[in-house]
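Here is a walk through one protein model, taken residue by residue. Keep the structure open as you read.

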Amino acid sequence: MQTMIGKTFWQDASVGGAVLGLVNLAEVALSVMLPSAAGVVSIASLIATIYLIIYFTRKRVPLYGHYGFSYGQSMDFIVVMGLFAGVMQGAGQVILANFLFTDYYNELLMATQQQMRDVYSGMLKGEQMTQMMEWSRKVIFSPAVVLVSNIYSNVIGKAFLGLFASLVIKRDPDIFYNDNGQ
């Protein structure tokens, strides 16, 4: 039985993570296209994310049978789903920023850089300001930086949601199960 659980763990986590990543990516795209509805889209995405975390993790519970599904096992699965969600969302975010919504992301970059100039003028030397401007561009457009930051934020975010979701997902072992070959 343990081999069945191990074989499906990564596959199930990748499928769940991909769906979560697509939901979160859709939130970003819809917020760019419909800025006036960004708040509603964000709330709907959070609700969908919580639902999907519970849905995909609960699908694993029957595999563990009478052994139960611990809080830690639930958290492990949710964190790995967050890893895959981060990869999916990061790859999508690179496409959005560099190919689909370049005007939006360039405007965002210009606004961010202007805020940095306003806040840090007089505090930083010209070279330091130039480095900050280059970093701000990398944060928005660099595939490696975007991918790593999305993976990190998804793992942390999904783990936080998993702290609460795992309370309702975990199942105690069957204390009356007799494993003596009967």
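In which helix does S45 lie? S45 lies in helix α2. Helices here are DSSP runs of H or I with at least four residues, strands are E runs of at least two, and both are numbered from the N terminus. The model is predicted, so local features need pLDDT of at least 70 and side-chain atom pairs count only at pLDDT 80 or more, while totals for chains, interfaces and linings use all residues. Residues are numbered from 1 along each chain as its sequence is written, and side-chain values use heavy atoms, with hydrogens and water left out.

Start with helix α2 itself. This helix covers residues 38-58. Its 21 residues should span 30 Å at 1.5 Å a residue. The expected span is 1.5 Å times one less than the number of residues. The end C-alpha atoms are 30 Å apart, which agrees.

Now look around the helix. The buried residues of α2 are V41, S45, T49, L52, I53, F56 and T57. They cover an arc of only 110° around the axis, so they sit on the same side of α2. That arc is taken from the directions from the helix axis to the C-beta atoms. Buried means under 20% relative accessible area, exposed over 50%, and partly exposed in between, with a 1.4 Å probe and protein chains only. The face turned away from the buried side carries the exposed residues V40, I43, I47 and Y51.

Back to S45. Its relative accessible area is 6%, so S45 is buried. S45 is in contact with V23, N24 and E27, leaving aside neighbours within four places in sequence. Contact means heavy atoms within 4.5 Å. The side chains of S45 and N24 also make a polar contact of 3.5 Å. A polar contact is a pair of N or O atoms within 3.5 Å; within protein, one must be able to donate a hydrogen and the other to accept it, and residues adjacent in sequence count only if both atoms are side-chain atoms.

N24 leads on to K158. A polar contact of 2.9 Å joins the side chains of N24 and K158. K158 is found in helix α6, residues 143-169. K158 touches residues including T49 and I53, both among the buried residues of α2.

What is the nearest side chain of opposite charge to K158? That is E27, 7.9 Å away. Lys and Arg count as positive, Asp and Glu as negative; His and the chain ends are not counted. K158 is buried yet has no salt bridge, meaning a side-chain nitrogen of Lys or Arg within 4 Å of a carboxyl oxygen of Asp or Glu.
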